[in-house]
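Please work through the exercises below with the sequence and the 3D structure in view, trying each task before reading its solution.

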Amino acid sequence: METLEEMGPVDYLVIEFPGNRMTGEAFPLLVDLVDRGIIRIIDLAFVGKDADGSVAGLELQDLGGGEMDLSVFDGVSSGVLDQSDLEEAAGALDPGNSAAVLVYENLWAAPLARALRRSGAQLVAGGRIPVQALLAALDATEETSPSGGSVAA
């Protein structure tokens with residue numbers, strides 16, 4: 001792995017699959033992001049939450065019921081995620097659901113991050129705005145705009 005000085009920002013996602021239904025439709029898109037050098041997967045793990053609330057890690061071969069070929073993800077684990085991380089991620093799940101926990105480096109942002117570090121800057125906060133919240137905010141802005149139109153250019 002690259003040194004800290006060379007890396008881009010690292011993010012994580014917890015992606016819930018209601019009823020443990022994982023179609024696999026998104027996995028080729030994830031592979032495409034890697035192939036195009038946009039992200040690098042640092043860790044990918046799967047976790048399930050039983051109806052009684054108990055949490056268990058899931059193996060790739062346990063997923064998809066043979067309908068998906070997930071072999072491309074075999075061995076995609078750096079060990080960054082441990083059992084406590086999976087338990088914390090499962091805390092966001094409804095009982096009876098499973099999730100993928102993905103830790104990835106934003107390779108697209110690495111040159112910017114390197115330049116910022118060289119100049120003495122550092123990232124001190126980050127976050128995500130859920131699409132639903134963004135759309136609600138834009139709708140609210142549109143409703144209060146005097147012209148009733150969009151304020152975005």
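The model is predicted, so to speak of local features a pLDDT of at least 70 is needed, while side-chain atom pairs count only at pLDDT 80 or more and totals for chains, interfaces and linings use all residues. Residues are numbered from 1 along each chain as its sequence is written, and side-chain values use heavy atoms, with hydrogens and water left out.

**Exercise 1.** Determine the order of the strands in the open sheet, and explain why one side of E1 and of E3 has no neighbour.

*Solution.* Begin with the terms: strands are DSSP runs (E, at least two residues), numbered from the N terminus, and two of them pair if DSSP finds at least two bridges between them. The 4 strands, paired antiparallel, take the order E1-E4-E2-E3. Strand E1 (10–17) and strand E3 (55–58) stand at the edges with a single partner strand each, so one side of each lacks a neighbour in the sheet. Finally, look at E2 (residues 39–49) and E4 (residues 98–106), which are joined by 9 bridges; Ile39 stands opposite Asn106 in E4.

**Exercise 2.** Describe the residues that line the largest pocket.

*Solution.* A pocket is an open set of points on a 1 Å grid over the protein atoms alone, where a 1.4 Å probe fits, with protein on both sides within 12 Å along at least five of seven lines, and lining residues have an atom within 4 Å of a point. Here 21 residues form the lining, and Pro9, Val10, Asp11, Leu123 and Ala125 lie nearest the centre. Helix H3 (110–118), a DSSP run (H or I, at least four residues), gives the most to this lining, with 4 residues.
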